[in-house]
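The sequence and the coordinates are shown first, and the description follows.

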Amino acid sequence: MGGSFYLVAWLMIWLSMSDPQQIFGYGVLGSIFFAVMLISRWLHQLPADPDPPALQRWINQHWALIIITTGIWGLVNGLVLHQAIFQISHLVAIIGTIAFSTAFAFTFAMRLPRCVGVLFLLNLPGLLALARGTAEQQPAFICLAIYMVYLLLACRRSHIDYHNTLGNELLLLRQRNDLEELSRTDSLTQLGNRYQFNDLFQTMVATAQRQRSPLSLVLLDIDHFKRINDAYGHVAGDQCLQQFSELMRQVFRRDSDVPLRLGGEEFGVIMPGTTLDQAIQLAEQFRTTLAATQLRIEDQSVVITTSLGAGAYIPEVDRNGDGLYRRVDAALYQAKHDGRNCLRLAQTRG
Ligand SMILES: Nc1nc2c(ncn2[C@@H]2O[C@H](COP(=O)(O)OP(=O)(O)OP(=O)(O)O)[C@@H](O)[C@H]2O)c(=O)[nH]1
């Protein structure tokens, strides 16, 4: 919309002259110029899916249109105030320039250098013309110069307020993201927690179903963990959980693998893009590595084992993630039942 006022203001200057015919050619030329600028701004639409460089290019091009329009308006204003034949149009030119400058200062203050530049483009030629003009023009020059200073100060104030507000908003957003991250992370092991699992698992299963790609789930439960707590104390138990988690990170180390602590001594790994065979191989590798590892707890070496259940998503069997989770959980239960320190596979019937 902004561009249309330049065209209207120019038409008013031209047509309110005592004899518009006198500058017919310039009148038409000016009208065409401001009309072209107006149409260019209308047609210059935001890119549909703007990536940051494309958006920056669009902003620069749009500013170029604005700077050309305001620069030419500044020259028109200077010319009108300088030439006696435009005497009747002086007021229109001055009011137009004040209106454009005010709108600019309060709309674009977030880009201070560009905004100040445009204010000078709009006002400087007119101020020079008034300063060099007749004695009757001097009060107008002083008023406009004072108003220009006021606009520059207001622009700076708005710029500071804008960036302070933006800074506060960003801080709040960062704090919210940190809190969100904290609420999804288990503080002891730094693995994702049950909340994270609930959030991710259903989405990952839905994606696997849509893309017809494999997805496996392994559930793990440390064997006789209560005995560790009873024998070495709760702090030692915590260290044990931390070392267990570290080993999980080392074995299930694909970027897409999501190791999680689901609660107590129960863990899980969601493995998108992983077939059941690959999941079994990794789960077995984890089980044997753990059983062969001496954990250092309270200056003592401790060996622990884990029971595991594994399964892959089968669309015909599992209606959604819950179906797969139930099957794998039953397999884990079976592993405990079969004497622990072993891996059992989920039944392929629901
Ligand atoms: N140190 C520590 N212990 C925990 C934590 N969360 C759960 N536990 C303990 O884990 C133990 C789990 O015991 P059970 O559920 O009987 O299981 P288990 O002894 O591992 O036996 P199975 O699972 O049947 O092999 C309990 O003693 C809990 O107190 C934790 O964050 N830190």
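## Terms and basis

Helices (H or I, at least four residues) and strands (E, at least two) are DSSP runs, numbered from the N terminus. The structure is a predicted model, in which local features need pLDDT of at least 70, side-chain atom pairs count only at pLDDT 80 or more, and totals for chains, interfaces and linings use all residues. Residues are numbered from 1 along each chain as its sequence is written.

## The ligand shell

The ligand is surrounded by 16 residues, the closest being Asp-223, Phe-225, Lys-226, Gly-237 and Gly-264. A residue is near a molecule or strand if its C-beta atom, placed from the backbone, lies within 6 Å of it. At least two residues of the shell come from each of strand S1 (215–222), helix H8 (225–232) and helix H9 (234–251). H9 provides the largest share, four residues.

By class, the shell holds seven charged, five polar and four nonpolar residues. Here Ala, Val, Leu, Ile, Met, Phe, Trp, Tyr, Cys and Pro count as nonpolar, Asp, Glu, Lys and Arg as charged, and the others, Gly among them, as polar.

## Helices H8 and H9

The axes of H8 and H9 come within 6 Å and cross at roughly 135 degrees. Axes are lines fitted to C-alpha atoms, for helices over the stretch in contact, and angles run from 0 to 180 degrees between N-to-C directions. The two helices are therefore oblique to each other; angles under 35 degrees count as roughly parallel, over 145 as roughly antiparallel, 65 to 115 as roughly perpendicular and the rest as oblique.

On the H8 side, Phe-225, Ile-228, Asn-229 and Tyr-232 meet His-234, Ala-236, Gly-237 and Cys-240 of H9, where two residues are in contact if their C-beta atoms, placed from the backbone, lie within 7 Å. This contact of H8 with H9 comprises five nonpolar, three polar and no charged residues.

## Helices H3 and H4

Helix H3 (residues 52–82) packs against helix H4 (residues 90–107) at an angle of about 150 degrees, with the axes 9 Å apart. That angle makes H3 roughly antiparallel to H4.

From H3, the residues Thr-70, Trp-73, Asn-77, Val-80 and Leu-81 meet His-90, Ala-93, Thr-97 and Phe-100 in H4. The contact of H3 with H4 has five nonpolar and four polar residues, and no charged residues.

## Ala-145

Ala-145 lies in helix H6 (residues 138–183). The C-alpha atoms of Ala-145 and Leu-127 are separated by 7.1 Å, although the two are 18 residues apart along the chain.
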